[in-house]
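Me: I would like to learn how to read helix packing and nonpolar cores. Could you take me through it with an example?

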Amino acid sequence: MTRASSRDFWIFWAGETVSNLGSSFTLFALPLLIYQLTGSAVNLALSMAVTTLPSLLFGLLIGAWVDRLDRKRLMLLTNLGSALVIGSIPGLAAVGLEAHQSFFVAWLYGVSFVSAALKIAFDAGEFAALPSLVDKEKLVTANSRLQASYAAAQTLGPLLAGAALFVLPLPTLFLVDAASFLVSAGALSVIRTRFNAETRQEPQHLLQDIREGLSYVWRQPVLRAISTLALVLNVVITTTTAQLVLLATVAYHTNGQQLSLFYVAGSLGIVLFAPLAGPLRRRWSFSQVALGALLLMGGLLLALGLTPWYELAVLLWGLSQGAEMVFNLQTRSLRQEIVPNAFLGRVMSVAQVLAYTSIPLGAVGGGLVIEWVGAAQIARVFAAIGLLIILGALLFSRTALGHAERYHQEAGARPDPRASRWLPALQALLAGMWATVPLALPIIPYIALYGVTAPAAGLSPLETLVFSLLVFSGAILPAAQALQAGAPPLVVVGMIAVLNLRQMLYGAKLAPRLVRLRLRWRLLVCYCFTDESFGVTMRRAEEHGWDWRCWLFLIGSGLMMWIAAQGATVLGLVVGAQLPTSLALDFMPTLAYLCFMVLSIKGVASVLAALAAGGAAKGFMGLPLGLGTPAAILIGITVGVIIQRVRRPYALAWSKEGKVWQSGS
Amino acid sequence: MAIWVMIGLAALASNGERSLFGLLPASWQLPQRVRDALDFLPVSAFAALAFPGLLPTAAPLPSLSASKLLAAFVAAYVAWLSRGWGIKGLPFVLLVGMGVYWLDVWVS
């Protein structure tokens, strides 16, 4: 950032902060005034609805205008226009027109409509202006500063406005907003930097501009992926904000004060997370931070939907809002980084139109779903939304969003020095998670049964969770069943030790490579050993050869299993024994193991090893403490080694005769 | 208190076993014979995990076992045919296996 543009950014930021604080006064006062005048919920809803109309009607048009006009002048004029429009409310009230209720209410609707239209133009201009005010590598930090001040204003504004009502009449509050627009206009007028790049070609029809903008968004792979993801996310996420009150009331039986803590936590999450977006982006690539934030958000919402504790729910909600803000900041900044200056206004307007289309759809759709499943199921709806977000993040990691740095560099931004190392790492991690999804889903009913059995065996919910967390193995279910049947705790420990013996063998198998890792990585990798993770990782290693990505693939796979296992434990604790069993999903892991077994077969020796191990496992099923499985594995290995040794001399003799021979394994 | 001790010991046992070979010094290596033998670990481990689920010792519903066996055969065959797809073929194999199982249960 040059000295001049740094100065200009801070002037811009200051003007925006004041303007946002003023706007939050209007956001507080306008619905209140309409309600005071009409006492009607329908009028309140109408006042909100008219603010979304301009975007749908003129959003694309305004975006095109922003790209062809002098943006700074346009923003300055929209500020002056907003000051005039908002200022008209106290003006009309002062001359006594407030008494003409119908006229005054219609005027208020008009003010909402016009100021929303002006705001679209200003927002598109702001989006397009920022790349002129800061260097590309500082866009995330600049955006996060603007968003943090916006979130702080949204929290503080209504409080200040409420306090001001003690000394001022309601219409006067709008003067604060009008004055704040004048401050913002003043700030813009002293900024020296131009907001437009000098690249404008000969003028063309406005509709041609709009078509060009839409076509650009659609043809640019990253923009297309971001727009599609934003559309999907808006539809899904809107329900969480729209139905937060229902969740708090139904799931946690909150009173008004407790409910307000959810909103405070949400704002705090945004204010605290927004400043992290810049440092995170400096350390990791766009794909890692954006998709990581999305995964985190999904996980937090999933946990929110499953947790029975109010305090934890408030914390999870706050964190999820912060994670969402980090995601939004990354995508916003990336658009500013990769889109040519001449298209910025139109790209922003497309995003706004998509948002204003999908948010009402999501709100209504979510409401209908909740009505269909019943309000009592609201927590499960939140959990399902969390799961959808996780799946969405995994799915979109396979699109251009998963390797956005390529386009970032094509656009001339500073190459991310860490991207070359971290991007493949993230891709391997996500690939591991993705590969394990079909294996993780079937364990949910199995582990959920543990969540039901453990409390019945005398464990508190906390003990149940900690047990699952620390042991992280399918052995917890037989252990809980043994406890329920009255087995002494030491026997249960022995049972877990025996059942997990095969995981020691997995460690032994990978030991020659494992010992080359740093200790903390070794411990993390070992914690991630599950049958499923080991299976998919070995398969990947056979396909692509063993390299460092295999470790991250294994960790990703383990992470997916971990999410499923811990989520299922909470699910079992909360839902109890109501889980459906008719689909026999518990059969799916068996099929997966069978599939891994088939794919591990490389010759006669391994076929016989599999048959011996399988037969022995069947025969040893009655052995105590689950000793049958490790014993069967050892038998299988022994048979495989013996067959291989017996066959080797024949193989050598055969090859001496000049024949081609495929060895046992 | 006894429960917390049990949880602690179970965590120690479980993670200790997992990490045992990861905690060994870098210079230490398993004997070559053992490493060769462990080539048979994946196939043996997955066979030992899969077979008991296919052949329950005391099957109260023989048709259910038959359905699972049939589904397992088909899934194994599909897994073998689609081995060129690698790990990406797994969801397909699971889908086919579960589909055959559900179909057979539904028909019978």
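Me: At roughly what angle do the axes of helix α4 (residues 101-133) of chain A and helix α12 (residues 310-338) of chain A cross?

Reply: This is a predicted model, in which local features need pLDDT of at least 70 and side-chain atom pairs count only at pLDDT 80 or more, whereas totals for chains, interfaces and linings use all residues. Residues are numbered from 1 along each chain as its sequence is written, chains are lettered from A and ligands numbered from 1 in the order in which they are written, and side-chain values use heavy atoms, with hydrogens and water left out. Helices are DSSP runs (H or I, at least four residues), numbered from the N terminus, and axes are lines fitted to C-alpha atoms, for helices over the stretch in contact, with angles from 0 to 180 degrees between N-to-C directions. Here the two axes cross at roughly 65 degrees and come within 9 Å.

Me: Which residues of α4(A) and α12(A) meet?

Reply: Contact means heavy atoms within 4.5 Å; on that basis Glu126(A), Phe127(A), Leu130(A) and Pro131(A) in α4(A) meet Arg332(A), Arg335(A) and Gln336(A) in α12(A).

Me: Which residues have the most contacts inside the largest nonpolar core?

Reply: In soluble globular proteins, nonpolar side chains tend to be buried together. A nonpolar core is a set of buried Ala, Val, Leu, Ile, Met, Phe, Trp, Tyr and Cys residues joined through side-chain atoms within 4.5 Å, where buried means under 20% relative accessible area (1.4 Å probe, protein chains only). The largest one has 109 residues, and Phe262(A), Leu304(A), Ile389(A) and Phe467(A) have the most contacts inside it. Helix α11 (residues 286-306) of chain A gives the largest share of this core, 13 residues. Among the residues that Ile389(A) touches are Leu294(A), Met297(A) and Leu301(A).

Definitions and conventions: Buried < 20%, exposed > 50% of the residue type's maximum accessible area, 1.4 Å probe, protein only. Helix = DSSP H or I, 4+ residues; strand = E, 2+ residues; numbered from the N terminus. Lists of a residue's contacts leave out its neighbours within four places in sequence.
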